[in-house]
Amino acid sequence: MNKITPKKLLHSKWTAVSPVNKEKHFMITDMEFDEEGVVISCIIEAVMSKRSMAINWQDLKDQQRWLQGWQ
């Protein structure tokens, strides 16, 4: 299980274990927090295609789907 701190997640790099559409490397480009510091939204962007999508940041903890850094 990947250890993640939400406050350090912005601009972090991720590798998809099973790439789709040749999109393997991603970066967190935007995050929103509420007044209590709870993550409201998280946007991840594919480095190659620049395609952005919303993601549940908790999904990044799953090492079957995501690896920390670009590998």
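**Figure 1. Overview of the predicted chain.** Of the 71 residues in the chain, 27% are buried. The model shown here and in the views that follow is predicted. Its secondary structure amounts to five strands and zero helices, which in sequence order gives the pattern β-β-β-β-β. The radius of gyration is 12 Å, close to the 11 Å from the globule rule for 71 residues, so the chain is as compact as a globular protein of that length. The C-alpha trace extends over about 35 × 25 × 15 Å along its principal axes. When contacts between residues at least 6 apart in sequence are taken, 43% of them join residues at least 24 apart.

**Figure 2. The largest nonpolar core.** This core contains 15 residues. Those with the most contacts inside the core are Leu 9, Trp 14, Ile 28, Cys 42, Ile 44, Leu 60 and Trp 66. At least two core residues come from each of strand 1 (13-20), strand 2 (23-33) and strand 3 (39-46). Strand 3 gives the largest share, four residues.

**Figure 3. Surroundings of Leu 60.** Which residues are in contact with Leu 60, once its neighbours within four places in sequence are left aside? They are Asn 2, Ile 4, Leu 9, Trp 14, Ile 28, Ile 44, Ile 55 and Trp 66. Among these partners, Leu 9, Trp 14, Ile 28, Ile 44 and Trp 66 are listed, as is Leu 60, with the residues that have the most contacts inside the largest nonpolar core.

**Figure 4. Glu 23 and its polar partners.** Glu 23 belongs to strand 2. Its relative accessible area is 7%, under the 20% limit, so Glu 23 counts as buried. The side chain of Glu 23 has a polar contact of 2.5 Å with the side chain of Ser 49. A polar contact of 2.6 Å links the side chain of Glu 23 with that of Arg 51. With residues up to four places away in sequence not counted, Glu 23 touches Ala 16, Ala 46, Ser 49 and Arg 51.

**Figure 5. The aromatic pair Phe 26 and Trp 66.** The count of aromatic pairs comes to one. The pair consists of Phe 26 and Trp 66 in an edge-to-face arrangement, with 5.2 Å centre to centre and 85° between the planes. Because Phe 26 lies in strand 2 and Trp 66 in strand 5 (residues 66-68), the pair ties together parts that are 40 residues apart in sequence. Both Phe 26 and Trp 66 are buried.

**Figure 6. Lys 13 over the ring of Trp 70.** Lys 13 sits over the face of Trp 70, with a distance of 5.2 Å from the ring centre.

**Figure 7. Positive phi at His 11 and Lys 22.** His 11 is not a glycine, yet its phi is positive, about 70°. His 11 is placed in the segment before strand 1. Lys 22, also a residue other than glycine, has a positive phi near 60°. Lys 22 is part of the loop between strand 1 and strand 2. Is Lys 22 buried or exposed? Its relative accessibility is 71%, over the 50% limit, so Lys 22 is exposed.

**Figure 8. Met 48 in the loop between strand 3 and strand 4.** Met 48 is found in the loop between strand 3 and strand 4 (52-54). Met 48 has a relative accessible area of 69% and is therefore exposed. Met 48 and His 25 are separated by 23 residues in sequence and by 7.4 Å in space, C-alpha to C-alpha.

**Figure 9. Val 38 in the loop between strand 2 and strand 3.** Val 38 lies in the loop that runs between strand 2 and strand 3. Its relative accessibility is 45%, so Val 38 counts as partly exposed. Val 38 touches Glu 32 and Phe 33 when residues up to four places away in sequence are not counted. Val 38 and Leu 60 are 22 residues apart along the chain, and their C-alpha atoms are 16 Å apart.

Methods
Residues numbered from 1 in each chain as written. Predicted model: local features only at pLDDT ≥ 70, side-chain atom pairs only at ≥ 80, totals over all residues. Heavy atoms only, no water. Core = buried A, V, L, I, M, F, W, Y, C linked by side-chain atoms within 4.5 Å. Buried < 20%, exposed > 50% of the residue type's maximum accessible area, 1.4 Å probe, protein only. Contact = heavy atoms within 4.5 Å. Polar contact = N/O pair within 3.5 Å; in protein donor to acceptor, adjacent residues only side chain to side chain. Phe/Tyr/Trp six-rings, centres within 6.5 Å; stacked < 30°, edge-to-face > 60°. Lys NZ or Arg CZ within 6 Å of the ring centre and 35° of its normal. Rg over C-alpha atoms; globule rule 2.2 N^0.38 Å.
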